[in-house]
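This report walks through selected features of the structure shown below.

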There are 10 protein chains.
Amino acid sequence: MGIIGSTIKLFKATAFQAGKDFFEVTNEDIAGKWAVFFFYPADFTFVCPTELEDLGEKYAMLQSMGVEVYAVSTDTHFSHKAWHDTSEKIGKLQYAFLGDQMHTLSNNFGVLRDGVGLADRATFVVDPDGVIQIMEITCEGVGRNANELTRKIKAAQYVRAHPGEVCPAAWEEGAETLAPSLDLVGKI
Amino acid sequence: MGIIGSTIKLFKATAFQAGKDFFEVTNEDIAGKWAVFFFYPADFTFVCPTELEDLGEKYAMLQSMGVEVYAVSTDTHFSHKAWHDTSEKIGKLQYAFLGDQMHTLSNNFGVLRDGVGLADRATFVVDPDGVIQIMEITCEGVGRNANELTRKIKAAQYVRAHPGEVCPAAWEEGAETLAPSLDLVGKI
Amino acid sequence: MGIIGSTIKLFKATAFQAGKDFFEVTNEDIAGKWAVFFFYPADFTFVCPTELEDLGEKYAMLQSMGVEVYAVSTDTHFSHKAWHDTSEKIGKLQYAFLGDQMHTLSNNFGVLRDGVGLADRATFVVDPDGVIQIMEITCEGVGRNANELTRKIKAAQYVRAHPGEVCPAAWEEGAETLAPSLDLVGKI
Amino acid sequence: MGIIGSTIKLFKATAFQAGKDFFEVTNEDIAGKWAVFFFYPADFTFVCPTELEDLGEKYAMLQSMGVEVYAVSTDTHFSHKAWHDTSEKIGKLQYAFLGDQMHTLSNNFGVLRDGVGLADRATFVVDPDGVIQIMEITCEGVGRNANELTRKIKAAQYVRAHPGEVCPAAWEEGAETLAPSLDLVGKI
Amino acid sequence: MGIIGSTIKLFKATAFQAGKDFFEVTNEDIAGKWAVFFFYPADFTFVCPTELEDLGEKYAMLQSMGVEVYAVSTDTHFSHKAWHDTSEKIGKLQYAFLGDQMHTLSNNFGVLRDGVGLADRATFVVDPDGVIQIMEITCEGVGRNANELTRKIKAAQYVRAHPGEVCPAAWEEGAETLAPSLDLVGKI
Amino acid sequence: MGIIGSTIKLFKATAFQAGKDFFEVTNEDIAGKWAVFFFYPADFTFVCPTELEDLGEKYAMLQSMGVEVYAVSTDTHFSHKAWHDTSEKIGKLQYAFLGDQMHTLSNNFGVLRDGVGLADRATFVVDPDGVIQIMEITCEGVGRNANELTRKIKAAQYVRAHPGEVCPAAWEEGAETLAPSLDLVGKI
Amino acid sequence: MGIIGSTIKLFKATAFQAGKDFFEVTNEDIAGKWAVFFFYPADFTFVCPTELEDLGEKYAMLQSMGVEVYAVSTDTHFSHKAWHDTSEKIGKLQYAFLGDQMHTLSNNFGVLRDGVGLADRATFVVDPDGVIQIMEITCEGVGRNANELTRKIKAAQYVRAHPGEVCPAAWEEGAETLAPSLDLVGKI
Amino acid sequence: MGIIGSTIKLFKATAFQAGKDFFEVTNEDIAGKWAVFFFYPADFTFVCPTELEDLGEKYAMLQSMGVEVYAVSTDTHFSHKAWHDTSEKIGKLQYAFLGDQMHTLSNNFGVLRDGVGLADRATFVVDPDGVIQIMEITCEGVGRNANELTRKIKAAQYVRAHPGEVCPAAWEEGAETLAPSLDLVGKI
Amino acid sequence: MGIIGSTIKLFKATAFQAGKDFFEVTNEDIAGKWAVFFFYPADFTFVCPTELEDLGEKYAMLQSMGVEVYAVSTDTHFSHKAWHDTSEKIGKLQYAFLGDQMHTLSNNFGVLRDGVGLADRATFVVDPDGVIQIMEITCEGVGRNANELTRKIKAAQYVRAHPGEVCPAAWEEGAETLAPSLDLVGKI
Amino acid sequence: MGIIGSTIKLFKATAFQAGKDFFEVTNEDIAGKWAVFFFYPADFTFVCPTELEDLGEKYAMLQSMGVEVYAVSTDTHFSHKAWHDTSEKIGKLQYAFLGDQMHTLSNNFGVLRDGVGLADRATFVVDPDGVIQIMEITCEGVGRNANELTRKIKAAQYVRAHPGEVCPAAWEEGAETLAPSLDLVGKI
């Protein structure tokens, strides 16, 4: 029932990505890689472009970490392309935009706003096994922070790579980690 | 159905807080104030104290912002007190710990791990109307970041106080905000 | 169960119309007037603009006949405005566009394409009592004809105004009508 | 759930056609050809004959286009023949009339008027795969237009024959069509 | 559950009768009189006119006995009028024809042929209280006999008028009847 | 659902017939022959013997036509025998009486009077395939007519023997029949 | 659930009794008196008359004891009268016979033989409050004994009249009874 | 549904019998023999011992007839033994007592008194096929009669041994029986 | 769901107690007093009398403490009296025995052995509010200990009388108790 | 349905035991040995440590008797260890503590307090076949007695080892036992 630790559900969506023809993305396409699903309410609106731009600045680094990025709204791929063609901020972005006009992804991740038809401002990090490891949602009007997202993905990758170690609060790449053991119980 | 924008459910829990006798906290007690519910898996374990300490360092500031903090695990209030008495890190903390051995809060917020009986590493920010505005969950082994939490609460408070303005990505207190209008549609 | 003769269901949608701020349209707003609901699949696509332009050329006449026109797709009002801002053909149109990203209207009129999230190319004419009198749907790739639509609305208005008369096939304004009576049974 | 794009349901009806003995028509008989189902309320009534005559004038052309025509009412084939024998207008018609006294076809196509037992004034165009591609219904008293029907069938046949092209609004045979492509998105 | 002795169900049908405009007949209209419901399969067919003519010859007598006659088929009142206008045999008939294209009467009396949409060749005699007293059905191809029908109605009227008497087999008007009593038990 | 054209249901009953020991009759015994089921309310009562006697006079003729006759009431076979032994009228009858104290036959044919436990005065003619072809029920106090019954059986046998012909109203053996054809539609 | 001690259910039956016209008997008619319901399989059969005759010899005595007797089979009251008229043994009987062709009484007392439609050979004694006090059933072929029945009714009447006393095994009128008390427990 | 003619249900009970250790009795143990189940309310009470003693006097004869006897109450086998040890009347009895503290037998035979937990004063005779042939129940305070019971068992054994013969009312061993035949119907 | 802390259910039973006539005991009779329900399998058996005797020795003391004692088995009150009359050990006992042949109490307290019809060797202590405070069950063959039972009842009475104090393990009357407080948490 | 005699249900729990790493205990681990499940409300509380200490004093003896001991509360194994580390009384205990934060064991044994999330003060003794033989629960504030528990386990082991013998009330090791037999019935 918990979100964290659950496997993502089936989906199929048409994507727009700069320099490519429209293409389909399904849950199978993301297997074997880390993926970020970055939901936002609507094309052509206000906070969204700043968040999308903020995330765009980390895209090269995330790719180098083996992380694919999918921006998702309930707009169509046609609308995504039109936005990309006409907005300077959005026109620079290199990652894919999924058209979720069927609401499949928004419902799968539980972020469709009741009575509105738009997605929440929600981020999900999925590991190469299709399991959700990190999530975050902020209310309308509160922008997310790509820096912090990147920090948490690094920690999750570290933990996956180093069984037996855990990353303390506000851990940054390179900082010390902890190795739980019986003797540590009640001692931290 | 969505978590963000929903009102918190009824609960009643016994709390331990430094310098007080045990006391009851219910959903009614938190009305009219901002509240943070900071879930963690278990007393006497590893990542938890670093996160609780990290949050502890922001407690004074959060209080000055009108935000109350509740740490929650499925341990009892007896166990919370015992941990406070015996751990140096925990012993310094001034905010309240709720005993959720009934699993009410963990189930209410959807963060009880199936087949484990422990809560996720999850944070929820509730506004004075009892509405959840911000949430975050990280997998086992990935510590949260009280700095980022504080940044988002400030943004949420700003937005509540200034209808008609929204905070862009990675906004910090004092930075510029946006004022959506018809003319801005498709222009950012 | 039949569509013709049924009353339209409740709806509420945000509209974009040239020269106005966004505004809400509900089933109550259309009471007392004739209305055309002109569904099309998506903003920024191909056949749609020719149909919308063709209909645009009749808009003045339809208004003079007391008929309001609503173009509807599952895009948002933000997207409608962006399309209006960037497309020459669409930019000239004066009637309202409804954002149906909740799929309410498309479902109400039974024209949401299964597994696609887009509306059919469908037209509905609603009389001042909110009753559907005329409908038409064409498959993908076949454009409608605003001329014929206008002809049928005139006939429906004539019949409403002249109880006891009916308009024969391909009737044009001013042509003769028929007055059914017992004696005519089996005589035409 | 949508009508357009759905496959016609099973039916079996007895037909009358000038110059033939009564014969059965089923959904299997129409496979591989285009078909028009032309519903009307009742034999021996008023608007109906003008519409049936109007359609009769296009019958030769429709046959040359590979389109079969079936007029349908809830009368029996006996009644159809008697009407054909005694009405000058109807006596000239060469296409088949289906007896739908069981209401099967009227229910299959959703056009049986509640509490009346008569069909709507409804037209359905079915392609050689048995899929409904075009439909139209007008209220009592408003006659249809065989000219426009023919125009739409030509467009649907053109689109079927030329994958990748679509017919704009009010397209007439021989006029230009459109070829959708990524580059056209947002450009019409 | 038995038919004989049951009260007729609600119905409403449009009637054609020579020399009158179309009119409605309901179950309430027949209260207080004897009524014959004379079902037949279809207008313009074969056995039916001979039966209807045979019944027509008794109509004056039946009226003088206070018995109203309703011929019923699943054709419309339009079809009934057209048949009356064009058939010599039917054109002479003075009783009413009910249009049962909704199948209400045929279903009420249990005589709608499965998978055909036509009524059985069935007769029902209803007394002034709306109770069915006599019924008869014959298979396709076997004509009824108005003489015998009249004989039975006379017997039923006699029995209603003379409580305590019963009419023996093949009783004809004026013949002797029986008066049951304890002493007759086992003595006939 | 209609009675005419339906196949008789399973039954098993003990029969009394003059000059034989009691014997069982089931639905299988009547296969391959025409059969008349002649229901009447009760042994030792009033109208019944006149009807049974009237039918008795046709029994030889019916047998020569290949028709078997079964009188049926809800009395036992013991009671049937006792009646036969003690009543002059009944004592002459040669056909079989079925004991239906289980109500199986009365229920099968739908003629058990509610709240009484006695059968209606009902006749059913079953063809060699076990299909009901003719039925008749009269109310209490109205005797049937074996003459008319015989006339109808002859017509039903004629129609079965001469596919393509039908017997008009009040047809008697040897009279003319009709041969339906397309050309006759609307011509009688 | 037990039979003894339960109140008899509602019934209504037509009775035959020597020297009277047919009359109705219901559960209300037996209130305030003792009653014997004496079921037997069928009129005109074998063991039954010996049992009925045996019971007939006690009828005067039973009446003097305030006990009414009802013989019951699934035959009609007509049949009961006919049997009474024609059988020497039965003709002498003075008590009432109930016609249970509806099977109401046989079902009420649970003695209808499955798949047969005849009652068991069963006796029930009902007290003036309508409560069953004594019952007995024997299989086919085993006759009952009116002597023993009378003995048991006398004992039941004695016990009702003398609260605090009970009749030992095989008690006969006038013999000693027992008066239970605490001191007798374990002492007999 | 009827008791007579039904097969006894499964049971298992612990028995006490003079001169034996406790032993189990099940439905299988009684197969192939006649059996009497003699229910009574409770050990250590009043009428019961007189009935049990009365039956005890017939036990030798019943055994010689191949009939086994089981006394049954809802007491335990421990209680049965204690009663046998302490009561003079009971101490003489040689047949088995079944402990029915589980209420299985009392429920199987339908004689558990509602809201009391004690069995009725009921007797059942079961034939060697396990089929109940004779039953009897008397109310509290009315003792049974072992003489009459023996008479009925002899009749039932006679009927079983002599197919085609039946025992008249109050038949005693050696007396005449009846042989039913068609000719006897209505003649006794 | 838990037994301890639940209120006892409704019951009604007949009791035997030395020197009294049989009397009824219900749940209402025990209100306002402490009560012990002492279940045992069966009268006249083995371990039971030793346990009942052991409890008997404490009866005077328990009465002086305001505690009433009820021994309960599924035997009747008749059997209880007989046992009391014939057993030396049982004959000395002064407390009441309840007859639970209906199994009401055994089921209420959940101690009826499946498939046996006897109660467990179970003890329940009920406080003056009808709430179960202490319970104990031992398997067949293991006797209870009235000493320990008395100790626990004293502790329960002490705790009820002294809110804020608790009795440690193996506490005996007069020994020290504990007074829980925040400061004691984790300190014992 | 009874607890005594039922087999324990499936469980899996993490255990803390002095001198060992955390380990899992399941229902399979306890097969083949006697086991005591000793539930208590919460770590760091008041009565509990006195009971746990009291039991600790018997642990060596119980082990020598082949009995394993499991203390169980709804605290985690982390909390159990922390308590052991910090409490003098608890720190001496050598038996295992199971973490039941999932409430599985508390629910399995029916001792979870409604609305509290803590276990009752309950003891269960399970034999080597996994069958519960002895149980005891006391209310809050009443401590158990390890002496009496040990006495009962010895008795249960004796009975298991000596079929045919039973231990009387308050039996102590070495004291006399009873051997039930038919002759003893009613004699103790």
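## Ser73(C) and its surroundings

Apart from neighbours within four places in sequence, Ser73(C) is in contact with Tyr40(C), Pro41(C), Ala42(C), Asp43(C), His80(C), Leu98(C), Gly99(C) and Asp100(C), a contact being heavy atoms within 4.5 Å. The residue belongs to strand S4 (residues 67-73) of chain C. Helices (H or I, at least four residues) and strands (E, at least two) are DSSP runs, numbered from the N terminus.

Ser73(C) has 0% relative accessibility and counts as buried. Buried means under 20% relative accessible area, exposed over 50%, and partly exposed in between (1.4 Å probe, protein chains only). The side chains of Ser73(C) and Asp75(C) make a polar contact of 2.9 Å. A polar contact is a pair of N or O atoms within 3.5 Å; within protein, one must be able to donate a hydrogen and the other to accept it, and residues adjacent in sequence count only if both atoms are side-chain atoms.

## Basis of the model

This is a predicted model, in which local features need pLDDT of at least 70 and side-chain atom pairs count only at pLDDT 80 or more, while totals for chains, interfaces and linings use all residues. Residues are numbered from 1 along each chain as its sequence is written, chains are lettered from A and ligands numbered from 1 in the order in which they are written, and side-chain values use heavy atoms, with hydrogens and water left out.

## Chain A as a whole

Chain A contains six helices and seven strands. Their order from the N terminus is β-β-β-α-α-β-α-α-β-α-β-β-α. The radius of gyration of chain A is 17 Å, close to the 16 Å that the globule rule gives for 188 residues, so the chain is as compact as a globular protein of that length. The radius is taken over C-alpha atoms, and the rule is 2.2 Å times the number of residues to the power 0.38. The C-alpha trace of chain A spans about 60 × 35 × 30 Å along its principal axes.

Of the 188 residues in chain A, 64% are buried. Among contacts in chain A with a separation of 6 or more, 65% are between residues 24 or more positions apart. Chain A carries 16 positive and 26 negative side chains, and the centres of the two sets lie 1 Å apart. Lys and Arg count as positive and Asp and Glu as negative, with His and the chain ends not counted; each charge is placed at NZ of Lys, CZ of Arg, CG of Asp or CD of Glu.

Helix H1 (residues 47-56) of chain D has eight of its 10 residues buried, so it is largely enclosed by the rest of the structure. Among the buried residues of H1(D) are Val47(D), Cys48(D), Pro49(D) and Leu55(D).

In chain B, helix H3 (residues 77-86) also has eight of 10 residues buried, so this helix is largely enclosed by the rest of the structure. Its buried residues include His77(B), Phe78(B), Trp83(B) and His84(B). What do the buried residues of H3(B) pack against? They pack against strand S1 (12-16), helix H1 (47-56), strand S4 (67-73), helix H4 (88-91) and strand S5 (96-99) of chain B, together with helix H3 (77-86) of chain J.

Tyr59(B) is part of helix H2 (residues 59-64) of chain B and counts as buried at 5% relative accessibility. Leaving aside neighbours within four places in sequence, Tyr59(B) is in contact with Gln17(B), Glu68(B), Val69(B), Gln94(B) and Tyr95(B). With Glu68(B), the side chain of Tyr59(B) forms a polar contact of 2.8 Å.

In chain I, Ala60(I) sits in helix H2 (residues 59-64) and counts as exposed at 56% relative accessibility. Ala60(I) and Gln94(I) are 34 residues apart in sequence, and their C-alpha atoms are 9.1 Å apart.

## His103 in chains G and I

Most residues other than glycine have a negative phi. His103(G) has a positive phi, near 70 degrees, and lies in the loop between strand S5 (96-99) and helix H5 (104-108) of chain G. His103(G) is buried, with a relative accessible area of 7%. For His103(I), phi is likewise positive and near 70 degrees, and the relative accessible area of 7% makes the residue buried.
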